Amino acid sequence: MSKISIIGAGSIGATTAFALLQKGVATEIILNDINQEKALGEVLDLIHGSSLCKPCKISLGTLEDTANSDIIIITAGLAQKPGETRLDLVDKNYNIFKSFIPTLAKLSPNSILLVVSNPVDILTYMTYKLSGFPKNRVIGSGTVLDTARLRSLLGKYFEIDGRNVEGYVLGEHGDSEFVAWSELSIGNIPVKSFSEQFNIEWDKETENVIATDVKNAAYEVINRKGATAFSVALALVRIVEAFLGDEKSILTVSTLLEDYLGVSNAYLSVPTIVGKNGIEKVLDISLSDEEKVKFINSANLMKEYIDSIDNK
C-alpha cells in the first residue's frame, strides 16, 4: 500500500499525478490545491483513464484527507515567471508554506516530505523547520532533474545512451549549480578519454557550453511554454520509486548537510543514497579545487536566505 498526496495541482502537480498513475507506483493519490475546482478537473481527467492502468484510487482532497500519507509531494507555491530567478520566489512562498506545512506534518507524522516548489533548496529548509521532522524525511527534488538534463545532453552530444553517463550536477538547484566534471565518466571511461576514442572535440569551452545549457534548460522551456512539467514529473517519479522500493539508489536530492566540505545547516544537492527511510546516507565525493570553490559559493548563497528564515 502506498498513499501519495500531492499539494498543488498546477502543471507540475497534475503531471506528476499522471506520471505516478501511469507507472503504477501508488495505490492511492490525493490531489489538493487552493483552487479545488481546477484540482477536481485534474482528478476527473485522471479517473477517466484509470481503468487503463494498475488499480489506484484517485481523489480530490482537503489537507485533512492527506492523513497517513506515505509520501507528500509539495508543488504548491507561486510559479517562476519569465525573467524571474528561483530565488526571487523566496519571500512570496514562505507565507504560503507556513499555512499548510505544520498541518501536513501533524496529519502524517511518519511520512516523507518531498519538496519540489522553487527555490527548492530554501523551501525544503523551510519545510524542515516548519514540520519538525527529522532531516532524513524532509527532502528536496534537488538536482535530480539537472543531472538527467546533463546526461541527456551528453548522450546527444556523443550519440550514446544517456543512461551510460555517470556524472552529477551539484549544489543549488539554480543559478549557482555546477557540473562535477572531474568525476564524470561515460561507461566508466573518463569523458576526455571517451571523446578521444571517437575523435570528438572536448575541451574547457565545450564543458562550459554544456554546463550553461543544463543550468538554463528550465528558462528555455519557461520562455516558450510557461512552465516545466514533463521532465520534472519524471524526476519525481524516479525519486518516489526509490523511496517505495527501498532501492538504495544514488540520487542528487537536496538534503540537509552537516560538515560536508565545511558546509553545515544548508540544503544542497550531493550524491545521496535514497531508500524507504528517505535519506539513507550522504556520500562523499572528490572534487577539484575549482569545484570545491563553486560548492562553497553555492552554499554561501543558500546560507544568506537560510539565516533570514531562522530569524523569522
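Predicted model: local features only at pLDDT ≥ 70, side-chain atom pairs only at ≥ 80, totals over all residues.
The UniProt record, an unreviewed entry, lists residues 143–309 as "domain: Lactate/malate dehydrogenase C-terminal". Over this range the chain is 47% helix and 18% strand. Y219 is found in helix 9, which spans residues 217–225. The relative accessible area of Y219 is 17%. Because this value falls under the 20% cut-off, Y219 is classed as buried.

Helix packing was examined for helix 3 and helix 5. In general, a pair of packed helices is described by two quantities, the angle between the axes and the distance between them. Helix 3 comprises residues 90–98 and helix 5 comprises residues 120–131. Their axes come within 10 Å and cross at roughly 30°. Since angles under 35 degrees count as roughly parallel, helix 3 and helix 5 are roughly parallel to each other. The crossing of helix 3 past helix 5 is right-handed. On the helix 3 side, the residues that meet helix 5 are V90, N93, Y94, F97 and K98. Their counterparts in helix 5 are I122, L123, M126, T127 and L130.

Within helix 3, N93 has a relative accessibility of 0% and therefore counts as buried. When neighbours within four places in sequence are set aside, the contacts of N93 are G77, L78, N118 and L123. Of these residues, L123 belongs to the helix 5 side of the packing described above.

The structure holds 10 salt bridges. In general, side chains of opposite charge can pair when their charged atoms come close. One of the salt bridges joins the side chains of E42 and K38, with an N to O distance of 2.7 Å. Both residues lie in helix 2 (residues 36–49), 4 residues apart, or about one turn of the helix. E42 has a relative accessible area of 21% and is partly exposed. K38 is likewise classed as partly exposed, at 35% relative accessibility.

Helix 6 covers residues 144–158, and because R149 and D146 are 3 residues apart in it, about one helical turn separates them. R149 and D146 are both buried.

In helix 9, the helix that contains Y219, the side chains of E220 and R224 form a salt bridge with an N to O distance of 2.6 Å. These residues are 4 apart in helix 9 and so are separated by about one helical turn. The relative accessible area of E220 is 41%, and E220 is partly exposed. R224 is exposed, because its relative accessible area of 65% is over the 50% threshold.

Beyond these pairs, salt bridges also form a network, in which K204, E207, E290 and K294 are linked.

Methods: Residues numbered from 1 in each chain as written. Heavy atoms only, no water. Helix = DSSP H or I, 4+ residues; strand = E, 2+ residues; numbered from the N terminus. Buried < 20%, exposed > 50% of the residue type's maximum accessible area, 1.4 Å probe, protein only. Salt bridge = Lys/Arg side-chain N within 4 Å of Asp/Glu carboxyl O. Axes fitted to C-alpha atoms, helices over the stretch in contact; angles between N-to-C directions. Parallel < 35°, antiparallel > 145°, perpendicular 65-115°, else oblique. Left-handed = near helix turned anticlockwise from the far one by under 90°. Contact = heavy atoms within 4.5 Å. UniProt positions renumbered as here; feature names shortened; annotations may be inferred.
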